[in-house]
Amino acid sequence: MTNFVHCRGCGIQIHETALSCPQCGAQQNLAPVSQRVAHVGETAKARDLTDYSQVPFFRKRWFIVCCLLIVTPIAGLLAATGDLYYSQKGEVKIFPKSAKVTFILLSVAWVAFNLLRS
Ligand SMILES: [Zn+2]
């Protein structure tokens, strides 16, 4: 899915995620990109991540799931400090905010449970 828009400055066709025009350098409207960031399962192309191998291992889904099972607070910490990614049909996707909030709440609950138990 490649979409093009017209440059606000000179009118040539540029990629819709371009921050500025490669021809005239005019700043482009950032709203469409930031709106997409909030969408569930957004592709990470807007962040120049097209290959899952570019994602640091500690931001990949399998690592987060392992953390949830073994060391829950680390999963919450990772969710709180940055984006988490997964791969679907060859595309790099970003975890929705709701999933990140769930990880954070789970880790807080896990810590509280262990504090109460001790
Ligand atoms: Zn231009």
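Contact means heavy atoms within 4.5 Å. The model to which this criterion is applied is predicted.

**Exercise 1.** Determine which residues of α4 are buried, and what covers them.

*Solution.* Step 1: with burial set at under 20% relative accessible area, the buried residues of α4 are Ala-99, Lys-100, Phe-103 and Ser-107. Step 2: viewed down the axis of α4, these residues lie within an arc of 105 degrees, so they line one face of the helix. Step 3: the cover over them includes α2 and α3. Step 4: on the face turned away from the buried side, α4 carries exposed residues, among them Lys-97, Leu-105 and Leu-116.

**Exercise 2.** Identify the members of the largest nonpolar core and the elements that supply two or more of them.

*Solution.* Step 1: the core comprises ten residues, namely Ile-64, Cys-67, Ala-75, Leu-78, Ala-79, Leu-84, Tyr-86, Phe-95, Ala-99 and Phe-103. Step 2: two or more residues come from each of α2 (61-70), α3 (72-81) and α4 (97-117). Step 3: the greatest contribution, three residues, is that of α3. Step 4: beyond its neighbours within four places in sequence, Leu-78 contacts Phe-58, Arg-59, Phe-63, Ile-64 and Leu-84.

**Exercise 3.** Describe how β3 is joined to β4.

*Solution.* Step 1: β3 (residues 85-88) and β4 (residues 91-94) run antiparallel and are joined by four bridges. Step 2: within this pairing, Tyr-86 stands opposite Lys-93 of β4. Step 3: the two strands form a hairpin with two residues between them. Step 4: in the turn, Lys-89 has a positive phi of about 50 degrees.

How values were computed. Residues are numbered from 1 along each chain as its sequence is written. This is a predicted model: local features need pLDDT of at least 70, side-chain atom pairs count only at pLDDT 80 or more; totals for chains, interfaces and linings use all residues. Side-chain values use heavy atoms; hydrogens and water are left out. A nonpolar core is a set of buried Ala, Val, Leu, Ile, Met, Phe, Trp, Tyr and Cys residues joined through side-chain atoms within 4.5 Å. Buried means under 20% relative accessible area, exposed over 50%, partly exposed in between (1.4 Å probe, protein chains only). The arc is that of the directions from the helix axis to the C-beta atoms. Two strands pair if DSSP finds at least two bridges between them.
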